[in-house]
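Welcome! Here is a friendly first tour of a protein structure, meant for someone who has not seen it before. Have a look at the sequence and the fold, and then read on.

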Amino acid sequence: MAFELPALPYAYDALGPYMSKETLEYHHDKHHQAYVTNGNKLLEGSGLEGKSLEDVVKESYGKNAGLFNNAGQHYNHIHFWKWMKPNGGGKNLPGALQKAIDSDLGGYDKFRTDFVAAGVGQFGSGWAWLSLKDGKLEITKTPNGENPLVHGGTPLLGVDVWEHSYYIDYRNLRPKYLEAFVDNLVNWDYVAELYEAASK
């Protein structure tokens, strides 16, 4: 199955002032497009043509680094755009997700602190994650294009800490970017939708 660049689910200027039009134009139109283009080239002859994107990510991990990096980043970014929305973020979470965060992670405030810390603590490029593994929520971080799929988890929320995700707007202030993401951008309805599907 060939990779395709999805359209953003909002206008390029919809996430301001927390993520600028310029950032989204570069990040979506240039960086994500490059993962799609390179991923499609590397998919040819890999033996994984016709597989779902999730299966390509899982089956290329540790075996085909070039394909994995591009497929992983394609998967991550498809969701990253949906993990944000205008007027998002904050503490108003759907009920079942809120209960799980309370029981598994010690409540919203602790989740926020630990999620931001995971992103700050990821040395170099990578992602911070909220995922479901063995029926429980957990916060993790991964390098480069890696994600919880290859560690037995289901990604529910991820934030990109590659510098191209925040440098135009925040320069070297990664913590401020992460705080703005959680407080003002997260699409909790989409996170809850993924949580519900993964909990079945």
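Predicted model: local features only at pLDDT ≥ 70, side-chain atom pairs only at ≥ 80, totals over all residues.

The protein chain has eight helices and three strands. Along the sequence they follow the pattern α-α-α-α-α-β-β-β-α-α-α.

**The chain as a whole**

- The protein chain has 200 residues and a radius of gyration of 16 Å, which agrees with the value near 16 Å that a compact globule would have.
- Taken along the principal axes, the C-alpha atoms of the protein chain fill a box of roughly 45 × 40 × 30 Å.
- How many of the 200 residues count as buried? The share is 47%.
- Among contacts in the protein chain with a separation of 6 or more, 68% come from residues 24 or more positions apart.

**Helices H2 and H3**

- Helix H2 covers residues 53–60 and helix H3 covers residues 65–82; their axes lie 9 Å apart, at an angle of about 140°.
- The crossing of H2 and H3 is left-handed.
- On the H2 side, the contact is made by Leu53, Glu54, Val56, Val57 and Ser60. Their partners in H3 are Leu67, Phe68, Ala71, Gly72, His74, Tyr75 and Ile78.
- By class, the residues of this contact are eight nonpolar, three polar and one charged.

**Helices H5 and H7**

- Which of the two words, left-handed or right-handed, describes the crossing of H5 and H7? The crossing is right-handed.
- The axes of H5 and H7 come within 9 Å and cross at roughly 140°, and the two helices are therefore oblique to each other.
- H5 brings Tyr108, Phe111, Arg112, Phe115, Val116, Gly119 and Val120 to the contact, while H7 brings Arg174, Pro175, Leu178, Glu179, Phe181, Val182 and Asp183.
- Nine nonpolar, one polar and four charged residues make up the contact of H5 with H7.

**The buried side of H7**

- Helix H7 runs over residues 174–185, and its buried residues are Arg174, Tyr177, Leu178, Ala180, Phe181, Val182 and Leu185.
- What do the buried residues of H7 pack against? They pack against H3, helix H5 (108–121), strand S3 (154–160) and helix H6 (167–170).
- As background, an α-helix has 3.6 residues a turn, so residues three or four places apart point the same way.

- Threonine 23 is found in helix H1 and counts as buried, because its relative accessibility is 1%, under the 20% cut-off.
- Leaving aside residues up to four places away in sequence, threonine 23 touches His164, Ser165, Ile168 and Asp169.
- Leucine 137 lies in strand S2 and is buried, with a relative accessible area of 5%.
- Again leaving aside residues up to four places away in sequence, leucine 137 touches Ala100, Ile101, Asp104, Leu105, Leu130, Ser131, Leu132, Leu156 and Tyr195.
- Leucine 137 and glycine 66 are 71 residues apart along the chain, and their C-alpha atoms are separated by 30 Å.

**Backbone details worth a look**

- Glycine 16 and proline 17 are joined by a cis peptide bond, with omega about 0°. Proline 17 is found in the segment before helix H1 (21–43).
- Asparagine 87 has a phi near 60°, a positive value in a residue other than glycine. Asparagine 87 sits in the loop between H3 and helix H4 (95–105).
- Is asparagine 87 buried or exposed? At 76% relative accessibility, asparagine 87 counts as exposed, because exposed means over 50%.
- Aspartate 134 is not a glycine either, and has a positive phi of about 55°. Its place is the loop between strand S1 (126–133) and strand S2 (136–143).
- Aspartate 134 counts as exposed, with 76% relative accessibility.

Conventions. Residues numbered from 1 in each chain as written. Heavy atoms only, no water. Axes fitted to C-alpha atoms, helices over the stretch in contact; angles between N-to-C directions. Helix = DSSP H or I, 4+ residues; strand = E, 2+ residues; numbered from the N terminus. Left-handed = near helix turned anticlockwise from the far one by under 90°. Contact = heavy atoms within 4.5 Å. Nonpolar A, V, L, I, M, F, W, Y, C, P; charged D, E, K, R; others polar. Rg over C-alpha atoms; globule rule 2.2 N^0.38 Å. Buried < 20%, exposed > 50% of the residue type's maximum accessible area, 1.4 Å probe, protein only. Parallel < 35°, antiparallel > 145°, perpendicular 65-115°, else oblique.
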